[in-house]
Amino acid sequence: MQGLLKDWRRTNYANQCNPEIAGNDITVMGWVHEIRDFGGIMFVIIRDVTGRVQITAPSKKVDEKIMEELREFRKESVVAIKGTVQEAPKAPNGVEVLPKEVKVLNLANQPLPMDPTEKVKAGIDTRLDSRFIDMRKENVSAIFKIKGQMFHTIRDFFYDNGFYEINTPKLVASATEGGTELFPIAYFDREAFLGQSPQLYKQMMMAGGMDKVFEIGQIFRAEEHDTLRHLNEAVSIDAEASFADDEDVMQILNDMLVHVITDINDKCADELEILGHELEVPEEKFPHVTYDEAVDIVNAHGVEMPWGEDLSREAEKALGDEMGGFYFLTRWPSAIKPFYVMPVDGDEKYAHAFDLMYNNLELSSGATRVHQHDLLVKQIQERGLNPEGFGTYLKAFEYGMPPHAGWGVGAERLTMVMTGSENIRECALFPRDRHRLTP
Ligand code: AMO
């Protein structure tokens, strides 16, 4: 059978080929990025996850059999090459490999569905249809390397700060974020839904005495939006802390983001450079602006915003222009926040709720939660919902529920900020949007 690895193993990634190892025999493996055949000499660029390495085959020095095998290479095929490293100042990393043995592990059909070298640019739909090839571009894989590091750093931050990691069900019986945005599914003989948020579960964990928990998991929103910042399946970074209020958890979120940005600058410098993105570490505490102040700012920018409404896209833009960078939007009207949000004592028209914004993009929502059973039932009813649908959740508030607060951050939106991406689809491997369910 052709194309088997057998006893071939990679000895060096592309970024491990440098003048220091000149004279060594090595084995490289990867994709054929480019082939240039000048008859008497052939150049093949091999690409792997770390970068590129040049194979140089002058017919005077290389066996005719190997020259013939190299001529059979096709762009984007997966190949392995054994050869000797020699210095070559003009080649990537200042070296080239003189081939002694070559092997095609998997031949790529031609023509390719898209060009990963970007000599021919492809639109976002073509790219997403062939995401596995799109991913071979260094400016695409850079986004996911940064996103992965972001999760790594966030997990470290939570563990270092006494949070326990949890996993909660994604097959659920009821809505949490308002009843209109649910995906219904058939659950044996009943109807169920895909979870919009781990909200109710992370709160129940507070009654469970876990004190501080976090979850990184999928959320599903059946919104008909078709924008550059909405997906129908996203990853949410959720945190919940007991014996804490909105101010406490805003500070945790502030600290976490400063830590993440510092760490990404440190560990993903190459990826940021590939993307041409400068990520500034915010030095000050993020500014806090109240909803009332935001209404004034937005109206002063000539965008009409009546008190008591959520921010329109235009209002977000006006506010972003004024504020810039990261800022918290606090003290929202209770009526436009979910039932689990704690009203301000003595001024119940306002709530202990906040959003974290970056320019005009909402990154997170959070709040002090209602931990008193009867107030929670009242707020559920006031929003036209039936408390009976929340039976097992409400039960957790009857037998010792501590005061608590928390937030949820959209991971793809945060990745947009970390990578300088304009379209959220760039920040999801296989995005689910209004029109896309494959691949
Ligand atoms: P919210 O509904 O505001 O709050 O969601 C929290 C954050 O999740 C991200 N997000 C989305 N990202 C992409 N596409 C979407 N369709 C989408 N919907 C939400 C956003 C948003 O700020 N339970 C509360 C959180 C809490 O209070 O703890 C909640 O889900 O970045």
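How many bridges join β17 to β18, and do these strands run parallel or antiparallel? In this predicted model, 5 bridges join β17 to β18, and the two strands run antiparallel.

**View 1. Strand β18 and the strands that pair with it.** Within the pairing of β17 and β18, which run antiparallel, G366 stands opposite W407 of β18. Strand β18 is also joined to strand β11, which covers residues 233–242, and here 7 bridges link the two strands, again in the antiparallel sense. One of the residue pairs to look for is A241 with A405, the latter being its bridge partner in β18. Strand β18 is mostly covered, since 6 of its 7 residues are buried. As background, the strands of a sheet pair through backbone hydrogen bonds, either parallel or antiparallel.

**View 2. The residues around the ligand.** There are 22 residues around the ligand, and those that come nearest are Q199, K202, E362, S365 and R369. A polar side-chain atom of Q199 lies 2.7 Å from a nitrogen atom of the ligand, while a polar backbone atom of S364 is 3.3 Å from an oxygen atom of the ligand. A backbone N or O atom of G410 is likewise found 3.2 Å from an oxygen atom of the ligand. On its own the ligand has 620 Å² of accessible area, and the protein covers 93% of it. The elements that give two or more residues to the shell are α5 (199–207), β17 (361–368) and β18 (404–410), and the most come from β17, with 5 residues.

**View 3. The surroundings of F286.** Residue F286 is found in the loop between α7 (269–275) and β12 (288–290). With a relative accessible area of 3%, F286 counts as buried, because buried means under 20%. Leaving aside residues up to four places away in sequence, F286 touches N254, L257, V258, F326, Y327, F328 and L356. Of F286 and Y327 it can be said that they are 41 residues apart in sequence, yet 5.1 Å apart in space, taken from C-alpha to C-alpha.

**View 4. An open sheet of 3 strands.** The strands of this open sheet follow the order β7-β9-β8, and their pairing is antiparallel. Strands β7 (171–172) and β8 (183–187) stand at the edges, where each has a single partner strand, so one side of each is left without a neighbour in the sheet. Strand β8 pairs with strand β9, residues 190–194, over 5 bridges in the antiparallel sense, and F183 stands opposite L194 of β9.

**View 5. Two cis peptide bonds.** Q110 and P111 are joined by a cis peptide bond with an omega of about -5°, and P111 lies in the loop between β5 (95–106) and α2 (124–129). A cis peptide bond also joins T438 and P439, with an omega of about -10°, and P439 has its place in the segment after α12 (411–419).

**View 6. Two residues with positive phi.** Although K6 is not a glycine, its phi is positive, at about 50°, and K6 is found in the segment before β1 (25–37). N93, also not a glycine, has a positive phi of about 60° and lies in the loop between β4 (78–87) and β5. K6 counts as exposed at 56% relative accessibility, whereas N93, at 43%, counts as partly exposed.

Definitions and conventions:
Residues are numbered from 1 along each chain as its sequence is written. This is a predicted model: local features need pLDDT of at least 70, side-chain atom pairs count only at pLDDT 80 or more; totals for chains, interfaces and linings use all residues. Side-chain values use heavy atoms; hydrogens and water are left out. A residue is near a molecule or strand if one of its heavy atoms lies within 4 Å of it. A polar contact is a pair of N or O atoms within 3.5 Å; within protein, one must be able to donate a hydrogen and the other to accept it, and residues adjacent in sequence count only if both atoms are side-chain atoms. Accessible areas come from the Shrake-Rupley method with a 1.4 Å probe; for residues, only the protein chains shown count as cover. Helices (H or I, at least four residues) and strands (E, at least two) are DSSP runs, numbered from the N terminus. Buried means under 20% relative accessible area, exposed over 50%, partly exposed in between (1.4 Å probe, protein chains only). Two strands pair if DSSP finds at least two bridges between them. Contact means heavy atoms within 4.5 Å.
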